[in-house]
Amino acid sequence: MSELSKQFKFQDVEDKWLEYWQKNNVFHGAANPQKKSFSVVIPPPNVTGILHMGHALNNTLQDILVRYKRMQGFETCWMAGTDHAGIATQNVVERELAKEKKTRHDIGREELLKRLWAWKDQYGDTIINQLKKIGASCDWPRTRFTMDQEYSQAVQEVFIRLHQKGLIYRGEYIINWCPRCQTALSDEEAEHQEHQGNLYHIRYPLQKPLNGREWIVVATTRPETMLGDTAVAVNPTDERYKDLIGQKLILPLMNREIPIIADDFVDPQFGTGMVKVTPAHDPNDFQMGRRHGLSFVNVMHPDGRMNDLAGEFSGMDRFEARENIIERLRESQQLEKVEAHVHSVGHCYRCHTVVEPYLSKQWFVRMKPLAEPALRVVQEGKIKFYPERWTKVYTNWMENIRDWCISRQIWWGHRIPAWYCAEGDAGREKCQEPIISKDRPVKCLQCGCTTFRQDDDVLDTWFSSWLWPFATFGWPEKTKDLEYFYPTKSLFTASEIIFFWVARMIMAGLEFMDDVPFSEVYIHGTVRDSKGRKMSKSLGNAIDPLEIINEYGADALRFSLIINSGQDLFISKEKFEIGRNFANKIWNASRLILLNVPEGNQIIDLKKDVDVRQLDLPSRWIISRFFTTLKNVEQAIEGYRFSEAETLIQDFFWGNFCDWYLEISKNKFTDSSVQKVALGILQQSVGMIHPFMPFVTEELWQHVGGKDQRCLASSSWPKSETSLINAVVEQDMQALMDVVAVGRNIKMNWNIKLQQEIECQFATEDERHVKLLEENMNMLKSLLRINTFSIANYFTKNQDSAVGVVGRIKFLIPLGNLIDVQKEKQRILQDIQEQKKHLTGLSARLENQDFVKKAPPDIVEKDQVRLKTLTIKIKELEEVVQNLG
């Protein structure tokens, strides 16, 4: 075995293995009836995407599971790909176009699409190459794009099938409209945020005064839409306004007659109990307008400017119009009052512009028929969410699902396969309905016309990505890959796209494959900064994963992200030192072992190549601990408890193996059995760590894995040997380790140097423990620096001795010849008082609810940890004094 370099040079190692894995197609999976399949589809990042910490977390989690399953012998396929990201990608290219002082309409659809494809070809693989840098073991040659030719055919097929079943329809409804992107948005894409606005109370004059009343007062948060009012509504049970139902009002500023109507929808407790009805600008008003046969007056252009129906406010931006309308109402004494009002306002999920409820003809999917089976499979346990609490979130949304607006008024995307006859465009009534077809129709079945135009709209990006688990494997063709790899096993995603993507994929899988697309959904936490804020460019708190890789290494990035993961991750740059330090520890421990074992190519089988019965206790213990850890790590991975798995690995390798076994055995490497155990544990550990830290372990495997071995990524997962797990051995060794730990604490607390030799008197009435101490006294003498010892049933205490207790083992360390006992006792008592002062102040701060609410989460967390640490420290110091002979 060649000697390892003194330092782990991660840059060289990462470049080497990235090239090797790609060149040798190590991660490719193919239909293989002789093996069980395990497939995962990557949540396709936007083609405009740049790697951020959310991507790094999501893909590291997937990679851990995929590498683990590959090593277990499954035929794995981790499908990679990117999403065309309709709105986002077109925005990027249109910004470039704006630099030429042109719009898309200036250059036309065909030219814009040429530019979009050119941009995609130049920049579209950026995030794919970045994902490779973190070690993602996707089946890269399979990489798909949601607008490649085969995938586009699948999207068209789905549209046509759903339309044939009556599940896709076209209609004029109030939709979420982004004036900036000038496209419709689904309900899920209109993200609602709390907004500090105003409630404007406006006087609407009665056409004819009634019972001394000359006007009524209506409250609204959007006065610019009042220009499109076609009624005012009251609740029919509201006694205040019963006499006004059926009366006429004069719409302020527009001098148009509108009726007062009665509708159960009106909440008598909101505002004045009278609401303006604007059917073309509010979804609830739209329904009222239909119920009461009101006219629909749209007063806005698609870009958010007021149109000619807005009268004197025509041409103004909607918010400019709002200010002018309020001023005009003041001048005419029709503005009664303005109240501050917090309300929820929809924003475009891409550009964050305030969304406008807007009357428009759009394409929709009827969701309830698709949602019912998708809800049932989760309720029946065929699909499980991890953590389980997300099941309720999914269920609530599915039970209240609304139809999905799938048309978008942009040009980058899958164009809707709907064709309109020229005669229909000219007004022929019988030719108004579009023909749904992948190809241009030959002639109109109604009039025989041969001239057609295709619908200008494209489909919502999510309409393509909901097919991802099966369209990527060749659907609608019945391919071998589709048959073998579908359904996939696990889906990893963030909570914010449960509705956008997860739920819809379940519906699509059941509708088109008659099976669930996956059986397990893992919802990971959100990456936040140390203050608890979500990382974003606008806040300037984002940490670039590539910067971390360059400074600490990809293994450090991966390990640090996962070990800190939980409901949410609170990350600072310093936390990546955790992973870097562990990678260095693995490297240094490997180097120590390789320097102390003979050259050779043997893979150690700890069951066959080592006679466990002949080993000393530490060797039997480390073997048992490894297989106990391996079993627990496997259970944690299978249960999606990845942070727990890493903690188990770190505790074993750094704590048990390095800090204890190698420390105990460093002077025993001339013993062949110690060499075999140390090397065997290292080999097995490198395999166990590999899914979490693939680069350092792959490099080490070439040194410790013997000659002519496959690369570690395609090698076998360590074989579980439950027969080598010995609970009694682990308990006995733990007792001795506790004796050492307590003894070292006594030295530390009484200001005795750890290398100072001491006398130690052991006492136990248990014969098995007497034998345990006798057989392992050389180890204790070495670790505690004991020069004189005795073992008896009891010992006699004296004032100048410290006592340690570990279960049924007691031991006494005389202090009189080592220190001034009384002087040190006073120092400890004084230290206890100081620590208690700190504890009192810290407790008061954490009991202050204002502090807990306002302070950054990482500060509160640190204080809570300090409180716990101080409490333990005080207790330990008090016990030190109490245990003085």
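**Salt bridges, helix packing and backbone exceptions**

Colleague: What makes the pair glutamate 663 and lysine 666 a salt bridge?

Modeller: The closest N and O atoms of glutamate 663 and lysine 666 are 3.0 Å apart. The cut-off is 4 Å between a side-chain nitrogen of Lys or Arg and a carboxyl oxygen of Asp or Glu, so the pair qualifies. This is a predicted model, and the distance is computed from it.

Colleague: How many salt bridges does the structure hold?

Modeller: There are 54. One of them joins the side chains of arginine 328 and glutamate 312, with 3.1 Å from N to O. Arginine 328 sits in helix α9 (residues 318-331), while glutamate 312 is in the loop between α8 (283-292) and α9; the two are 16 residues apart, and the pair links distant parts of the chain.

Colleague: Why is glutamate 312 called partly exposed?

Modeller: Its relative accessibility is 47%, and exposed would require over 50%. Arginine 328, at 28%, is also partly exposed, because buried would require under 20%.

Colleague: What makes arginine 785 and glutamate 757 a salt bridge at 3.9 Å?

Modeller: The limit is within 4 Å, and 3.9 Å from N to O meets it, so the pair counts. Arginine 785 lies in the loop between α26 (777-784) and β27 (786-792), and glutamate 757 in the loop between α24 (727-749) and β26 (758-763), so the bridge ties together parts 28 residues apart in sequence. Arginine 785 is partly exposed at 31%, as is glutamate 757 at 39%.

Colleague: Turning to the helices, why are α24 and α26 called roughly parallel?

Modeller: Their axes meet at an angle of about 30° and lie 10 Å apart. Angles under 35 degrees count as roughly parallel, so α24 and α26 fall in that class. The crossing is right-handed.

Colleague: Which residues make the contact between α24 and α26?

Modeller: From α24 come Met733, Leu736, Val739, Val740, Gly743, Arg744 and Lys747; from α26 come Met779, Leu780, Leu783 and Leu784. By class this contact has eight nonpolar, one polar and two charged residues.

Colleague: What makes α27 roughly antiparallel to α29?

Modeller: Helix α27 (residues 821-847) packs on helix α29 (residues 857-882) at about 150°, with the axes 9 Å apart. The threshold for roughly antiparallel is over 145 degrees, so that description applies. α27 passes α29 in a left-handed crossing, and their contact has 13 nonpolar, five polar and eight charged residues.

Colleague: How do you know that α10 and α11 are roughly antiparallel?

Modeller: By the angle again: helix α10 (residues 368-379) and helix α11 (residues 390-399) pack at about 155°, with axes 9 Å apart. Since the class begins over 145 degrees, α10 and α11 belong to it. This crossing is left-handed. Lys368, Ala371, Ala374, Leu375, Val378 and Gln379 of α10 make contact with Thr391, Tyr394, Thr395, Met398 and Glu399 of α11.

Colleague: Why is aspartate 238 called buried?

Modeller: Aspartate 238 has a relative accessible area of 7%, and buried means under 20%, so the term holds. Aspartate 238 is in the loop between β9 (231-234) and β10 (248-251). Apart from neighbours within four places in sequence, its contacts are Pro268 and Gly273.

Colleague: Which peptide bonds from a tyrosine to a proline are cis?

Modeller: Among them is the bond from tyrosine 386 to proline 387, with omega near -10°. Proline 387 is in the loop between β15 (384-386) and α11. The bond from tyrosine 486 to proline 487 is also cis, with omega near 0°, and proline 487 lies in the loop between α15 (480-485) and β22 (490-494).

Colleague: What is the phi of lysine 101, and why is lysine 101 called exposed?

Modeller: Lysine 101 has a positive phi of about 60° without being a glycine. Exposed means over 50%, and lysine 101 has 78%, so the word applies. Asparagine 751 likewise has a positive phi of about 60° and is not a glycine, but at 48% asparagine 751 is partly exposed.

Notes: Residues are numbered from 1 along each chain as its sequence is written. This is a predicted model: local features need pLDDT of at least 70, side-chain atom pairs count only at pLDDT 80 or more; totals for chains, interfaces and linings use all residues. Side-chain values use heavy atoms; hydrogens and water are left out. Helices (H or I, at least four residues) and strands (E, at least two) are DSSP runs, numbered from the N terminus. Buried means under 20% relative accessible area, exposed over 50%, partly exposed in between (1.4 Å probe, protein chains only). Axes are lines fitted to C-alpha atoms, for helices over the stretch in contact, and angles run from 0 to 180 degrees between N-to-C directions. Angles under 35 degrees count as roughly parallel, over 145 as roughly antiparallel, 65 to 115 as roughly perpendicular and the rest as oblique. A crossing is left-handed if the near helix is turned anticlockwise from the far one by less than a right angle, and right-handed if clockwise. Contact means heavy atoms within 4.5 Å. Ala, Val, Leu, Ile, Met, Phe, Trp, Tyr, Cys and Pro count as nonpolar, Asp, Glu, Lys and Arg as charged, and the others, Gly among them, as polar.
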